[in-house]
Amino acid sequence: MDLPANPLRDPQDRRLPRIPEPCALVIFGVTGDLARKKLIPAVYDLANRGLLPPGFVVLGFARRDWGDGDFEQIARAAAEKHARTPWRDEVWARLSGNIKFVGGSFEDDAAFDLLAQTLDDLRDSHGIPGNAAFYLSIPPSAFPVVLKQLGRTGMADNDRSGGWRRVIVEKPFGSDLQSARELDDLVDDVFTADDVFRIDHYLGKETVQNILALRFANTLFEPVWNSHYVDSVQITMAEDVGIGTRAGFYDSVGTARDVVQNHLLQLLALTAMEEPTSFEASEIRQEKLKVLRAIVPPKDVAKDTVRGQYLPGWVAGERVKGYLDEDGVPPTSTTETYVAINLAIQNRRWAGVPFYVRAGKRLPRRVTEVAVMFKRAPHLPFQQADIEMLGNNQLVIRVQPDEGVVLKFGSKVPGTTMEVRDIAMDFSYGEAFTEASPEAYERLVLDVLIGDKTLFPDAAEVEASWAVIDPLEEAWEGTKPEPYRSGEWGPRLADKMLGREGRAWRRA
Ligand code: BG6
């Protein structure tokens, strides 16, 4: 006789937390910044929230002469310092027995054999039936050798492992379309395409996921979300920090490759895409891909893009170095630390609506936002003097910090005249919800372990994004970036770029 279904086991029931099957997370590059500041703290936060299975092991791999205990100490220090959720000794005590380390270089066959053996042994020691995710938190130049080792030892093989084997690839995913394709081939040779998770941590941010909720769960916005009502869209990712200690990486990359190719184009795609038929990963990716493929890079690159490089200056009351004075940056470097681009999307919804995208380091403050600027009302039956303080209506998605959404529109100023002025209606996560948002990496690591690909761009998206950036990089070759003072909003030319079209950057 069939037992009645247990309603408490209904996968649709929101009260049921999504918990992965017993598994291991193998981190390559475990001594790096990303592992210390994001990945290990994310594991702790997940454990603290009760979202990891009892059979769960973190396995670090690096060129260090460490035992499990040494790595555990370092992991603990990293988690204590960078975790989002409060520290609880009992949570760490449960994790600490499940932290392992294998030392060796990426060329060291014996070390990889030992890693494979260690994973196999987890079946008996921890009840983990072959499931493992490999996090490649390593420089792209090391991808080929690590992938080869994973292939050689059979560690990437689902059948051999008896469970699932997944790989997580950090950006940058290539440095142009061709290298991205080569990398895809390399990864696909070793892992099945379904088991490859490309990380763009912006997609893990609550506020970024909320773009889809805002657009497709409401009736209010969609009817005006098109060229009939939208004048332009501004996407800004401003950072107050400089390049820190990352000169080696940053100088060979620059802002367009570092954050526009991925984070900003993903924000653009979510803002501009059509409604997916469902929230299945493949449906959302399909719609994003259509937008990315409809982007037309500017014909006149000199006019419709601005590259900048920061000079010394003041940020938040502190004197800071110029880019060329940063440790490890060649004094003749022409790498950009700021970029502004005027992009068009060639489809019916967006024809004629410019998407202005800008990103930069050493700007006055850290803010990422998507601002949808609406057209002015076709007729304003007011005295000109009464509407001097009335701007375009704006819907601003504040990705970070002060996460939320702001709607700006005109309102009558109390008094005897019909003076109209812009006011802001503000939704802030901090006030609307009691629960704090998870960190992007917390969400994304959990999704990999569960096998949910919704928040991971696929190879086609990555390639379509490179197809936007490649012609720009080509046109910029041999040109010098415009200098801008640290603590200012980028080069003046970026203001001129919008000014020519009768627009101005929003004060973010
Ligand atoms: C990374 C870039 O992808 O994103 C960094 O490589 C940048 O240069 C960082 O600083 C910003 O991330 P967030 O989440 O702080 O906006």
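## Terms and basis of the model

In this report a residue is called buried when its relative accessible area is under 20%, exposed when it is over 50%, and partly exposed in between, with a 1.4 Å probe and protein chains only as cover. The structure is a predicted model, in which local features need pLDDT of at least 70 and side-chain atom pairs count only at pLDDT 80 or more, while totals for chains, interfaces and linings use all residues. Residues are numbered from 1 along each chain as its sequence is written, and side-chain values use heavy atoms, with hydrogens and water left out.

## The annotated C-terminal domain

UniProt, in an unreviewed entry, places the feature "domain: Glucose-6-phosphate dehydrogenase C-terminal" at residues 212-506; such positions are given in the numbering used here, feature names are shortened, and annotations may be inferred rather than shown by experiment. In the model, the span 212-506 is 29% helix and 26% strand, and its end C-alpha atoms lie 23 Å apart. Helices (H or I, at least four residues) and strands (E, at least two) are DSSP runs, numbered from the N terminus.

Lys 412 belongs to strand E15, residues 404-412, and is partly exposed at 40% relative accessibility; from C-alpha to C-alpha, Lys 412 is 8.8 Å from Asp 422, a residue ten positions apart from Lys 412 in sequence. Ala 424 belongs to strand E16, residues 420-428, and counts as partly exposed at 46% relative accessibility, while its C-alpha atom is 19 Å from that of Ile 235, with 189 residues of sequence separation between the two.

## Salt bridges

Side chains of opposite charge can pair when their charged atoms come close. A salt bridge is taken here as a side-chain nitrogen of Lys or Arg within 4 Å of a carboxyl oxygen of Asp or Glu, and by this rule the count comes to 34 salt bridges. One of them joins Arg 76 and Asp 89, with the closest N and O atoms 3.1 Å apart. Because Arg 76 lies in helix H2 (residues 68-82) and Asp 89 in helix H3 (residues 89-96), this pair ties together parts that are 13 residues apart in sequence. Arg 76 is partly exposed at 28% relative accessibility, and Asp 89 is likewise partly exposed, with a value of 47%.

A salt bridge also forms between Glu 222 and Arg 215, where the closest N and O atoms are 3.0 Å apart; Arg 215 counts as buried, at 0% relative accessibility. Within helix H14 (residues 440-450), Arg 443 and Asp 447 are four residues apart, about one turn of the helix, and they form a salt bridge whose closest N and O atoms are 3.1 Å apart. Arg 443 is partly exposed, with a relative accessible area of 22%, whereas Asp 447 is buried at 0%. Both residues belong to a network of salt bridges that links Arg 18, Arg 443, Asp 447 and Asp 452.

## A negative patch on the surface

Glu 182, Asp 185, Asp 188 and Asp 189 gather in a surface patch of negative charge. Patches are made of residues with over 30% relative accessible area and no salt bridge, like charges being joined within 9 Å; accessible areas come from the Shrake-Rupley method. Lys and Arg count as positive and Asp and Glu as negative, with His and the chain ends not counted, and the place of a charge is taken as NZ of Lys, CZ of Arg, CG of Asp or CD of Glu.

## Backbone features in the loops

A cis peptide bond joins Lys 171 and Pro 172, with omega about 5°, and Pro 172 lies in the loop between strand E5 (165-169) and H7. Another cis peptide bond, with omega about -15°, joins Gln 400 and Pro 401; Pro 401 is in the loop between strand E14 (394-400) and E15.

Positive phi values occur in Ala 316, at about 50° although the residue is not a glycine, and in Arg 362, also a residue other than glycine, with phi near 60°. Ala 316 is found in the loop between strand E9 (305-315) and strand E10 (318-320) and is exposed, with a relative accessible area of 73%. Arg 362, by contrast, is buried at 15%, in the loop between strand E12 (355-360) and strand E13 (367-374).

Terms used. Patch = residues over 30% accessible without salt bridge, like charges linked within 9 Å, V, L, I, M, F, W, Y side chains within 5 Å. Areas by Shrake-Rupley, 256 points an atom, 1.4 Å probe, with all protein chains shown as cover.
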